[in-house]
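Let's explore this structure together, one question at a time. Take a look at it first, then follow along.

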Amino acid sequence: MSLVPTFLLLGLLMIFPAQVSSVTYINYDLWNVRYLVSKYPEPFDIAKMNERCKVAGGYLFEINSEGEQWMLRDFLKLIGFVHNIVYTGVTDLGLEGQYYHYHTKKPMTNIVWQSGQPDNWQNKEHCTNLKEHGLNDIDCHRNARYICEIPR
Ligand SMILES: [Ca+2]
Ligand SMILES: [Ca+2]
C-alpha cells in the first residue's frame with residue numbers, strides 16, 4: 001500500500017467514529033415506546049442531547065415508574081453498559097435537590113436512588129445516570145452515553 005492511501009485510511013478511522021456517534025443508537029422496542037441508547041460515549045450536554053432525542057421523535061429518558069427504571073437497567077445490563085455512565089433526562093439544574101424531568105419539567109417521582117445518593121458531590125452534580133442499584137446524581141458534562149425515549 002502506498003503512503004497516501006494509508007494516511008487516508010488512518011484519517012477516516014479517526015474521524016468516522018465521532019461522526020457516527022451522534023446518530024448511532026441501540027434500539028429497545030416495546031409495544032408503545034422505543035428507547036434509544038447511544039452506542040458511544042461523548043461529552044454530555046443535556047440541552048443538546050434532548051434536541052437529538054427530539055429529532056428522533058422523543059426526549060431524554062424520563063423515569064415514570066420503578067418498573068420502567070429497572071427495565072432500562074436490565075436492558076443496560078443486557079447490552080453491557082450497566083457499569084458505564086448512561087445519562088437520563090432527570091435533573092435538578094436550577095432547582096438544587098428538586099429533581100424534575102428535563103423535557104416536560106414535571107417533578108420526578110417514583111425513582112429509586114442508589115444508596116447514599118443523591119449527594120450533590122462538590123455541589124456540582126445536577127444530572128443523573130442510571131446505575132445497577134439505582135439512580136445517581138452526577139456532573140452534567142461527563143463523556144458518556146445517554147438514553148432517549150420515543151413514544152410510538
Ligand atoms: Ca444537584
Ligand atoms: Ca452523586
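Q: Does N123 count as buried or exposed, and why?
A: This is a predicted model, in which local features need pLDDT of at least 70, side-chain atom pairs count only at pLDDT 80 or more, and totals for chains, interfaces and linings use all residues. Residues are numbered from 1 along each chain as its sequence is written, while chains are lettered from A and ligands numbered from 1 in the order in which they are written. A residue is buried if 20 or more other C-beta atoms (placed from the backbone) lie within 10 Å of its own, exposed if 12 or fewer, and partly exposed in between. N123 has 7 C-beta neighbours inside 10 Å, so N123 counts as exposed.

Q: In which loop does N123 lie?
A: To name a loop, we use the elements on either side. Helices (H or I, at least four residues) and strands (E, at least two) are DSSP runs, numbered from the N terminus. N123 lies in the loop between β6 and β7.

Q: What is phi of Q122 near?
A: Most residues other than glycine have a negative phi. Q122, which lies in the loop between β6 and β7, has a positive value although it is a residue other than glycine. Phi of Q122 is near 55 degrees.

Q: Why do the buried residues of α2 line one face of the helix?
A: Helix α2 covers residues 46-55, and its buried residues are I46, M49 and C53. An α-helix has 3.6 residues a turn, so residues three or four places apart point the same way. Seen down the axis of α2, the directions from the axis to the C-beta atoms of the buried residues share one arc, so these residues line one face; that arc is within 70 degrees.

Q: How many residues lie between β1 and β2 in their hairpin?
A: Two strands pair if DSSP finds at least two bridges between them. Strand β1 (residues 25-29) and strand β2 (residues 33-38) pair in the antiparallel sense over 5 bridges, with D29 opposite R34. Between β1 and β2, the number of residues in the hairpin is 3.

Q: Which residue in β9 stands opposite Y35?
A: β2 also pairs with β9, in the antiparallel sense and over 5 bridges. Within this pairing, the residue in β9 that stands opposite Y35 is E149.

Q: What separates the C-alpha atoms of W70 and K131?
A: W70 is found in helix α3 (residues 66-78). With 14 C-beta neighbours inside 10 Å, W70 counts as partly exposed. W70 and K131 are 61 residues apart along the chain, and their C-alpha atoms are separated by 9.6 Å.

Q: How many helices and strands are there in the chain?
A: Read along the sequence, the pattern is α-β-β-β-α-β-α-β-β-β-β-β. Buried residues make up 28% of the 152 residues in this chain. The chain has 3 helices and 9 strands.
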